[in-house]
Amino acid sequence: MGHMGAGVPQGPQPLPGVAHVVAVGSGKGGVGKTTVAVNLSVALAKLGYKVGLIDADIYGPNVPTMMGATRQPNVVEENRIEPILAHGVKFISIGLISPGDKPLVMRGPMLHQIIRQFLQQVEWGELDFLIIDLPPGTGDVVISLVQTVPLTGAVVVSTGSSVALEDARKALEMFHQVKVDVLGLVENMSQMTLPNGEVIDVFGAGGTERTAAQFGLDFLGGLDLNPSIREGGDRGLPVALAGPESKLAKEFYDVARRVADKAKEAASKSENVFEIS
């Protein structure tokens with residue numbers, strides 16, 4: 001009896017072959033977090049990185065629609081799941097397994113099991129970045145994540161409005177409490193440029209950058225509010241597919257490069273930490 005559990009790894013375990021795990025959160029819904037996560041993933045892949053994407057928004061899984069791929073994943077040897085490949089990104093979502101309008105009703109332990117499966121039972125292979133699109137709020141999914149795998153860091157998405165930033169600050173505090181480094185903040189739907197060149201400040205441009213400065217964090221960039229971004233997501237053709245030279249997609253590539261640099265920097269720091277006994 002004394003040997004039960006002997007040799008079983010305790011605490012979060014790195015995923016073999018995955019260099020950096022980056023969570024994308026917001027604290028609230030409606031700020032375009034999934035749009036940012038999807039286009040960030042596609043941009044990183046177009047920049048030459050090997051990228052995976054987990055749709056951890058179990059109750060509102062929109063990644064399959066935005067990636068334009070909705071077929072069920074294959075189950076391969078040893079009951080492992082083969083992720084779907086779309087636009088150069090490997091991804092998994094509960095929306096592939098339980099499609100349609102039927103809602104998922106489940107408690108925390110079931111959520112924890114799904115998150116663990118997405119991390120540990122999916123054949124991710126070799127990845128430079130595994131992006132995790134978190135659900136809104138500060139609940140069970142984040143706890144499950146940090147208990148399962150070491151996170152390189154988190155990206156917090158907000159609009160510039162005071163209401164959105166109230167919840168973004170809660171997300172910042174949540175990551176602080178679970179000891180996850182925040183790589184920086186992104187302001188989505190920052191401004192809108194009309195066809196005549198007029199710029200409209202819809203949600204309070206600049207608020208996210210000021211919040212980043214208040215917390216001593218990096219501002220990773222602002223993304224304009226543009227109908228083409230929404231259309232691309234609805235059609236399963238993220239605007240980042242247009243490439244870094246595209247005027248519409250350029251901001252996503254700027255953010256992607258900064259996220260990559262910050263993730264590498266954070267990983268390098270953690271590798272250089274010695275525990276002296």
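The model is predicted, so local features are described only at pLDDT of at least 70 and side-chain atom pairs only at pLDDT 80 or more, while totals for chains, interfaces and linings use all residues. Residues are numbered from 1 along each chain as its sequence is written, and side-chain values rest on heavy atoms, with hydrogens and water left out.

The protein has nine helices and twelve strands; these are DSSP runs (helices H or I, at least four residues; strands E, at least two), numbered from the N terminus. Of its 277 residues, 46% are buried, where buried means under 20% relative accessible area, exposed over 50%, and partly exposed in between (1.4 Å probe, protein chains only). A contact requires heavy atoms within 4.5 Å. Among contacts with a separation of 6 or more, 77% join residues 24 or more positions apart.

Five of its five residues are buried, so S2 is largely enclosed by the rest of the structure. Val51, Leu53 and Asp55 point one way, whereas Gly52 and Ile54 point the other way. In a regular strand, side chains alternate between the two faces of the sheet. Strands pair if DSSP finds at least two bridges between them. S2 runs parallel to strand S6 (residues 89-93), with five bridges between them, and isoleucine 54 stands opposite isoleucine 92 in S6. Five bridges also join S2 to strand S7 (residues 127-133), again in parallel; here leucine 53 has isoleucine 131 as its bridge partner.

H1 reaches 20 Å from its first C-alpha to its last, close to the 20 Å expected at 1.5 Å a residue; the expected span is 1.5 Å times one less than the number of residues. Glycine 48 follows H1 and has a positive phi, near 105 degrees.

Serine 26 counts as buried because its relative accessibility is 2%. Leaving aside residues up to four places away in sequence, serine 26 touches Val31, Lys33, Pro136, Val157, Asp167, Ala168 and Ala171.

On a 1 Å grid over the protein atoms alone, a cavity is a set of points where a 1.4 Å probe fits but cannot get out, and a pocket is an open set with protein on both sides within 12 Å along at least five of seven lines; lining residues have an atom within 4 Å of a point. Grid points are joined across faces, edges and corners, and a volume is the space filled by probe spheres set on the points.

There is one cavity of 30 Å³ or more, and the largest cavity has a volume of about 40 Å³. H1 and helix H8 (227-235) are the elements that give two or more residues to its lining, with H1 giving the most, three residues.

The largest pocket has a volume of about 420 Å³. Its lining comprises 20 residues, of which Val149, Pro150, Leu151, Thr152 and Ser270 lie nearest its centre. S1 and helix H9 (250-271) each supply at least two residues of this lining.
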